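Hi everyone, thanks for making time. Let me put the model up on the screen, and then we can walk through a few of its aromatic residues together.

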Amino acid sequence: MTRVRFVRLAVAGASAALLLTVACRPVEESSPRFGKDVEGAAKTTVALFAVAPPPFSEGIFPCSECHFPTDKVNRTPHAVEFHDDIVLHHDEKNRWCLDCHDAVNRDKLHLADGRLIDFTESYLLCGQCHGPTLRNWKAGEHGKRTGSWSGAKQYLLCANCHSPHSPRFKPLKPRQPPLRQEAIR
């Protein structure tokens, strides 16, 4: 073997080793495709998603502007005077405000196991009862998300489309039919 052939063979082998090294390295995404895992307080894994801001009504959030941690809280279901514009049509026989809203930290929601979550994680709260819908939302079959197909995405929360207090869509009024050609003059 000549010296030139030996050098070419060594360069080709080094190139192949370099290609194998690069090809076998795990893919690192700047934004997770299906969220990233975070250790929660209860040592359970929670997936976080980039979501749009919750659709709060004007002047309603943060709740702590009116509700203070030292307030005495009546934990029995009852009508709330200030929020009389909210009518609960969401399993109202079995649910009420403090099933989702935290009684002490009013700027948070809480899960059935007591973990506090931000309003931007409200999909976790909805997913406790609507698991198949949450799975479909994560996969992009339910709800709306924007962004890149294979890159960063932003998910709309359940509350962006459904009122959390009355999630069924209201019937739409049909629009007037278009004018017939004969009626246009």
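So, a question to start: is Phe61 buried, partly exposed or exposed? Phe61 counts as partly exposed, at 32% relative accessibility; buried here means under 20% relative accessible area, exposed over 50%, and partly exposed in between, with a 1.4 Å probe and protein chains only.

A word on the source: this is a predicted model, so local features need pLDDT of at least 70 and side-chain atom pairs count only at pLDDT 80 or more, while totals for chains, interfaces and linings use all residues. Residues are numbered from 1 along each chain as its sequence is written, and side-chain values use heavy atoms, with hydrogens and water left out.

Now the rings. Rings of Phe, Tyr and Trp (its six-membered ring) pair if their centres lie within 6.5 Å; planes under 30 degrees apart are stacked, over 60 edge-to-face, and the rest tilted. That rule gives five aromatic pairs. One of them is Phe56 with Phe119: the centres are 5.2 Å apart and the planes sit at 70°, so this pair is edge-to-face. These two partners are 63 residues apart. Phe56 is partly exposed at 34% relative accessibility, whereas Phe119 is buried at 12%.

Phe119 also pairs with Phe61, with centres 5.2 Å apart and planes at 75°, so that pair is edge-to-face too. Here the partners are 58 residues apart in the chain. Put together, Phe56, Phe61 and Phe119 form one aromatic cluster.

Conventions. Helices (H or I, at least four residues) and strands (E, at least two) are DSSP runs, numbered from the N terminus.
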